[in-house]
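Load the model and keep a selection panel open.

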Amino acid sequence: MDDRENPAALSAALHAQLEATEELPIDHRANRWIGEAQAVAAEIRGDVSVETRREGAEQVVDLLESVGETGNEEAGRRVERALSLAERLAGR
């Protein structure tokens, strides 16, 4: 992550991308991974340590890499954006 980036803002954006998929029709297998990633993203949004945020972001990356096809174009774009944000938070 670039030192100029605000980790709290990136974490909030990550959660928002995943939260926005809730109302979209998504393949049930993909939805499970996205839901788990959203729960972890919610945990790292607030006032947490750098290490906790990094570890949570790593978890989100692993979960989102397991999503596969969402069956919904908009959801796919949001998952890709979320993955990019999680990678930045994880320092990749």
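Which residues does Leu64 touch, not counting residues up to four places away in sequence? Select Leu64: its contacts (heavy atoms within 4.5 Å) are Leu18, Ala37, Val79, Ala82 and Leu83.

This is a predicted model, where local features need pLDDT of at least 70 and side-chain atom pairs count only at pLDDT 80 or more, while totals for chains, interfaces and linings use all residues. Residues are numbered from 1 along each chain as its sequence is written, and side-chain values use heavy atoms, with hydrogens and water left out.

Next, select helix H3 (residues 50–65) and helix H4 (residues 73–90); their axes come within 8 Å and cross at roughly 145°. Axes are lines fitted to C-alpha atoms, for helices over the stretch in contact, with angles running from 0 to 180 degrees between N-to-C directions. On the H3 side, show the contact residues, including Arg53, Ala57, Val61 and Leu64; on H4, they include Val79, Leu83 and Ala86.

Trp33, Glu36, Ala37, Val40 and Ala41 of H2 meet Gly56, Gln59, Val60, Leu63 and Leu64 of H3.

Finally, colour the largest nonpolar core, which has 24 residues. Such a core is a set of buried (under 20% relative accessible area, 1.4 Å probe, protein chains only) Ala, Val, Leu, Ile, Met, Phe, Trp, Tyr and Cys residues joined through side-chain atoms within 4.5 Å. Leu64 is among the residues with the most contacts inside this core. H4 gives the most to it, with eight residues.

How values were computed
Helix = DSSP H or I, 4+ residues; strand = E, 2+ residues; numbered from the N terminus. Buried < 20%, exposed > 50% of the residue type's maximum accessible area, 1.4 Å probe, protein only.
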